[in-house]
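Visitor: I have a fold on my screen and I'd like to learn how to read it. Could you take me through it feature by feature?

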Amino acid sequence: MLEITPNRGIGPVMLGMSRTDVSQAMQSLSPQKRHTQQRDIYCQGKLVVDFQHEKAVAICINKDPIITTLEPRLFGFNPLKQQAHKTVMRMSLRGNYDHEDPQLGMSYIYPKLGIYFWRDTTPENLQREMSLQRTAESTSHTWYAQAVQDYKQFHAVGVFKEGYL
């Protein structure tokens, strides 16, 4: 389990750490990483750290059914293992999300906590798409049914420095 600390970090990685310090902190979890100019990716994409001026400004855990050793824990629960609406309800006890977020429904950003949740789409969007596809011949709806279930949960949770999102 990697503990998420609002406005601070995830597991051993803290906001504001240098890139070198992040690499050292991640040695025991994942010595290998992919590196881009402003992003380091650990654990085969499970943990992502964004940098500005060589300092960590956002840390994200992505849902991964294969790598189960790095599960997030926030306020005593795993926000990637329960339905998104339940996570939003639990988080409403801690703070308000940004109601002006243009991707609201796919993302929920809690500015005062420095926490965000994200998924590619919403089950409602998928159901709408499926109903449009019903008129097409030979369309398999098996994928849609599974995707609707999958998108009831968030796919990522992260922390960020004020002003980053």
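Predicted model: local features only at pLDDT ≥ 70, side-chain atom pairs only at ≥ 80, totals over all residues.

Visitor: Let's begin with the empty space. How do I read a pocket?

Guide: Rolling a probe the size of a water molecule over the atoms shows where empty space is left. In this model, the largest pocket holds about 300 Å³ of space. It is lined by 17 residues, and Arg39, Asp50, Cys60, Tyr116 and Trp118 are the closest to its centre.

Visitor: Which strands each supply at least two residues of the lining of the largest pocket?

Guide: Those are S5 (39–42), S6 (47–52), S7 (55–62), S9 (107–110) and S10 (115–118). S7 gives the most, with four residues.

Visitor: How do the residues of that lining divide into nonpolar, polar and charged?

Guide: There are 11 nonpolar residues, three polar ones and three charged ones.

Visitor: Now the sheets. What should I look for?

Guide: Strands of a sheet pair through backbone hydrogen bonds, either parallel or antiparallel. Look here at the open sheet of seven strands, in the order S4-S5-S6-S7-S11-S10-S9, with antiparallel pairing. Its edge strands are S4 (33–35) and S9, each of which pairs on one side only. On average, neighbouring strands of this sheet are turned by 15° against each other, direction ignored.

Visitor: Can we walk through some of those pairs?

Guide: S5 and S6 run antiparallel and are joined by four bridges, with Tyr42 standing opposite Leu47 in S6. Next, S6 and S7 run antiparallel over six bridges, and Phe51 has Ala56 in S7 as its bridge partner. Further along, S10 is joined by four bridges to S11 (residues 156–160), again antiparallel. There, Trp118 stands opposite Ala156 in S11.

Visitor: Which helix lies across S4, S5, S6 and S7?

Guide: That's H1 (residues 19–26), running at about 0° to S5.

Visitor: What is the strand order in the open sheet that four strands form?

Guide: The order is S3-S2-S1-S8, and the pairing is mixed. S3 (13–14) and S8 (72–73) are the edge strands, each pairing on one side only. For a parallel example, take S1 (residues 2–5) and S8, which pair over two bridges. Glu3 stands opposite Arg73 in S8.

Visitor: Take Val48 as an example. Is it buried or exposed?

Guide: Val48 sits in S6, and it counts as buried because its relative accessible area is 11%. Leaving aside residues up to four places away in sequence, Val48 touches Arg39, Asp40, Ile41, Ala58, Ile59, Cys60 and Asn62. Phe117 is 69 residues from Val48 along the chain, and their C-alpha atoms are separated by 14 Å.

Visitor: Which residue takes a positive phi in the hairpin of S6 and S7?

Guide: His53 does, with phi near 55°, and that hairpin has two residues between the strands.

Visitor: Where is Phe75 placed?

Guide: Phe75 lies in the loop between S8 and helix H2 (84–91). Phe75 also has a positive phi, near 50°, and is a residue other than glycine.

Visitor: Why does Phe75 count as partly exposed?

Guide: Because its relative accessible area is 27%, and partly exposed covers the range between the buried limit of 20% and the exposed limit of 50%.

Key. Residues numbered from 1 in each chain as written. Heavy atoms only, no water. Pairing = 2+ DSSP bridges. 1 Å grid on protein atoms, 1.4 Å probe; cavity = no way out; pocket = protein on both sides within 12 Å on 5 of 7 lines; lining within 4 Å. Points joined across faces, edges and corners; volume = space filled by probe spheres on them. Nonpolar A, V, L, I, M, F, W, Y, C, P; charged D, E, K, R; others polar. Axes fitted to C-alpha atoms, helices over the stretch in contact; angles between N-to-C directions. Contact = heavy atoms within 4.5 Å. Buried < 20%, exposed > 50% of the residue type's maximum accessible area, 1.4 Å probe, protein only.
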